[in-house]
Amino acid sequence: MLLNRILVMTLPAFLFWSCASKTVIIQSNQLEPIARDLEIITRADWGWVPLTDSIPTHEIKFITIHHGGEDFPEDKDPIKYLRGLQSWSQTDKNWIDNPYHYMIDLRGNIYEARPIRYPGDTNTDYDVRGHALICVMGNYENQILSPIQFEQLAKLTASLADRYDVSPDHIKSHRDYTETLCPGKDLYRYLEDGSLLLRIAALRN
Ligand SMILES: [Zn+2]
């Protein structure tokens, strides 16, 4: 692909430049590198607290899409939300970390959350082992998914699907497994009409 060629040609300059820029160093040291054209805000970038506990690891075979389920106003700080969610997960729920592996905010920024080698967590009754969990912040029963959120969700899903060799029929949402409104009607409609899977297929290598 043209983009890959451009990245290969610019890589030496990128690495040189990274020596002078803290932000770029962090990005080039991503713990779970996925597609290089996808910018991810790393755990180190948002103040994730390293884990003190662990659980058996798993292999990714599914990608499952969620929403946060809480209304998310424009002026709410996603970093504070991520930190608060980690602390609530550990203290109130006794989980090792945030329940999801990746989170997307209202502007389409993508954040690493729980390390993907550990299965996520859920308040419902499906088996999360083998699932990569992506959560879009907000409540899409009430909120509208923006075009940039749709695109970033598709890019992240395509990237994970390529990396873990996930088949398209294993890309679903929470409500496809259990009784829940998650990921909310305005997000679910793109799964229902097939447009999200189409976009993901177009983005896959
Ligand atoms: Zn969910």
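Guide: Let's start at Tyr126, which is buried, with a relative accessible area of 8%. Buried means under 20% relative accessible area, exposed means over 50%, and partly exposed lies in between (1.4 Å probe, protein chains only). You are looking at a predicted model, in which local features need pLDDT of at least 70 and side-chain atom pairs count only at pLDDT 80 or more, while totals for chains, interfaces and linings use all residues. Residues are numbered from 1 along each chain as its sequence is written, and side-chain values use heavy atoms, with hydrogens and water left out.

Rings of Phe, Tyr and Trp (its six-membered ring) pair if their centres lie within 6.5 Å; planes under 30 degrees apart are called stacked, over 60 edge-to-face, and the rest tilted. By this rule there are four aromatic pairs. One of them is Trp88 with Trp95, an edge-to-face pair with 5.9 Å from centre to centre and 90° between the planes. Trp88 is partly exposed at 36% relative accessibility, whereas Trp95 is buried at 13%. Tyr126 pairs with Tyr177: their ring centres are 5.6 Å apart and their planes are at 15°, so this pair is stacked. Because Tyr126 lies in the loop between β3 (110-112) and β4 (131-136), and Tyr177 in the loop between β5 and α6, the pair ties together parts that are 51 residues apart in sequence. Those labels come from DSSP runs numbered from the N terminus: helices (H or I) have at least four residues and strands (E) at least two. Tyr177 itself is partly exposed, with a relative accessible area of 29%.

Setting aside residues up to four places away in sequence, Gly120 touches Pro99, His101, Arg114, Val128 and Leu133; contact here means heavy atoms within 4.5 Å. From Gly120 to Asp97 the distance is 8.3 Å, C-alpha to C-alpha, and 23 residues along the sequence.

Pro183 sits in the loop between β5 and α6.

Arg175 lies over the face of Tyr188, at 4.1 Å from the ring centre. A charge sits over a ring if NZ of Lys or CZ of Arg is within 6 Å of the ring centre and within 35 degrees of the ring normal. Lys76 does this too, with its charged end 4.8 Å from the centre of the Phe72 ring.

Next comes the interior. A nonpolar core is a set of buried Ala, Val, Leu, Ile, Met, Phe, Trp, Tyr and Cys residues joined through side-chain atoms within 4.5 Å. In the largest one, with 45 residues, Ile63, Met103, Leu153, Leu156, Leu187 and Leu196 touch the most other members. Elements giving two or more residues to this core include β1, β4 and α6, and α5 contributes the most, with seven residues. Leaving aside neighbours within four places in sequence, Leu196 is in contact with residues including Ile65, Phe150 and Leu153.

Finally, step back to the whole chain. There are seven helices and five strands, in the order α-α-α-β-α-β-β-β-α-β-α-α. Of the 205 residues, 45% count as buried. Among contacts between residues at least 6 apart in sequence, 71% join residues at least 24 apart.
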